[in-house]
Amino acid sequence: AKRIIVVNDESVTAGILKQAFKDETDGLYPRVERVYTDNFSTQNLIDLLRSLSPDDLVLLGLFFHDINDRQFEYYETAALVSQNSPVPVYGLYDFYLNHGILGGHFVNGALQGQVGAKLVLDILGGVPADSLPVIMKSPNQYFADYKVIEKFGISENKFPKQTVFINKSPDFYSEYK
C-alpha cells in the first residue's frame, strides 16, 4: 500500500484513535501516506473513496458525523464507505461487520464482556479485587466477511489462523458428514 485512508470523524474518541494509529504506524511505514477524514463532508469522503487506486487501503475507525454534522448510524457508515470504495475496507469495531467491510482485528464488546464477567465472578467467589490482574490489552478478535473476501478475490490463507469468518458457506464434508 502506498496510501491509507483513515475514515474518522472529529469526535474525541476518533481523535484518540487517530493519535494511536499515528503512534503505531509512523515508524513502521514511513513511506506510506496517511489521509485522515476528520474534516471531511460526506461528499468529500465519497469523492475520495471513489478515486482510490489498488495501491490504497481504507481503515474505518469512527465516523458517526461529518464536518457538516450530518449524522450516521454505524451500519450507514459501513455501507457508505464500502459501497463507494473500489478497494477493501478494514475496520476496528465488530459492529461494522456484515455491513460491507472486509474485516479486521476488531474491538469486540462480547469478548470484553466475557473478560469483565469472569473478573466479577472471581470477586463474588471471594478473590480479593486487588489481587486480580489489571487487563491492559483488549481481548480483540480477527474477523472477516467471506462475501467481501470473494468479491475482492482474496485467498483465505492470507488471514491469521485465528480469524473468524462470517458468511462462509460450509464445505461439503461439514454440511453432509
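Predicted model: local features only at pLDDT ≥ 70, side-chain atom pairs only at ≥ 80, totals over all residues.
**Entry: helix H4**

I checked the length of H4, residues 109-124, against its residue count. At 1.5 Å a residue, its 16 residues should span 22 Å. I found the end C-alpha atoms 22 Å apart, so the two agree. I then looked just past the helix. There Gly 126 takes a positive phi of about 105°.

**Entry: H2 against H3**

I looked up how helix H2 (residues 42-50) packs on helix H3 (residues 74-84). Two packed helices are described by the angle between their axes and the distance between those axes. Here I note an angle of about 35° and axes 8 Å apart.

Which residues meet in this contact of H2 with H3? From H2 I listed Thr 42, Leu 45, Ile 46, Leu 49 and Arg 50. Their partners in H3 are Leu 80, Val 81 and Asn 84. By class, I count five nonpolar, two polar and one charged residues in the contact of H2 with H3.

**Entry: the largest pocket**

I turned to the largest pocket next. It holds about 1,100 Å³ of space. Its lining has 36 residues. Nearest the centre I noted Phe 21, Leu 59, Gly 91, Leu 92 and His 105.

I asked which elements give two or more residues to the lining. They are helix H1 (12-25) and strands S1 (3-7), S3 (56-60), S4 (89-91), S5 (103-106) and S6 (141-145). H1 gives the largest share, five residues. By class, the lining has 23 nonpolar, ten polar and three charged residues.

Definitions and conventions:
Residues numbered from 1 in each chain as written. Heavy atoms only, no water. Helix = DSSP H or I, 4+ residues; strand = E, 2+ residues; numbered from the N terminus. Expected span 1.5 Å × (residues − 1). Axes fitted to C-alpha atoms, helices over the stretch in contact; angles between N-to-C directions. Contact = heavy atoms within 4.5 Å. Nonpolar A, V, L, I, M, F, W, Y, C, P; charged D, E, K, R; others polar. 1 Å grid on protein atoms, 1.4 Å probe; cavity = no way out; pocket = protein on both sides within 12 Å on 5 of 7 lines; lining within 4 Å. Points joined across faces, edges and corners; volume = space filled by probe spheres on them.
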